[in-house]
Amino acid sequence: MLTITENAEKTILRFEKEGELLLTLEEVLTGEKQAQISISGKLRSELAGIFMDELLPLAICGYTVAFDLSGLTYLSTACLDVFLRLQQKMDERKHGSMRFFGMSEAILHEFEMTGADELLEIGEE
């Protein structure tokens, strides 16, 4: 089940399955065409389509997006591919950017094993 809570400052998406909270995604617009997205929980393959649908408008509109992954405990390769496809869209349009910070060693390892760490900007907050 997907629950969306929105107000002028932020959007919160909560993904639940069989009563278990899988993922919380909090999107805050921090300035003109700037957003910070905090992700916590498990970013499973089954959520890749919804995840892409939520983030694609930011890539198309050329937003600068900072992803706080400090609460992320699992990242599927399908969802990591979403990040790569978003970066590709931004590169094609020659505007917008993404930056990732706060990730655990396990999540960083996923980026490194797939080579995504060489294609995406990983840094400090």
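Asp81 and Arg85 both belong to helix H2 and sit four residues apart, about one turn of the helix (helices, H or I, of at least four residues and strands, E, of at least two are DSSP runs, numbered from the N terminus). This is a predicted model, in which local features need pLDDT of at least 70 and side-chain atom pairs count only at pLDDT 80 or more, while totals for chains, interfaces and linings use all residues. Residues are numbered from 1 along each chain as its sequence is written, and side-chain values use heavy atoms, with hydrogens and water left out.

**Salt bridges**
- The side chains of Asp81 and Arg85 form a salt bridge at 3.1 Å, N to O, where the term means a side-chain nitrogen of Lys or Arg within 4 Å of a carboxyl oxygen of Asp or Glu.
- Three salt bridges are found in the whole structure, and another of them joins Glu46 to Lys17 at 3.5 Å, N to O.
- Because Glu46 lies in the loop between S4 and H1 and Lys17 in strand S2, this pair ties together parts 29 residues apart in sequence.

- Asp68, found in strand S5 (residues 64-75), is buried without a salt bridge, and the nearest side chain of opposite charge, Arg99, is 9.2 Å away.
- Here buried means under 20% relative accessible area, exposed over 50%, and partly exposed in between (1.4 Å probe, protein chains only); Lys and Arg count as positive and Asp and Glu as negative, with His and the chain ends not counted.

**Nonpolar core**
- The largest nonpolar core has 35 residues, and Phe67 and Phe83 are among those that touch the most other members; such a core is a set of buried Ala, Val, Leu, Ile, Met, Phe, Trp, Tyr and Cys residues joined through side-chain atoms within 4.5 Å.
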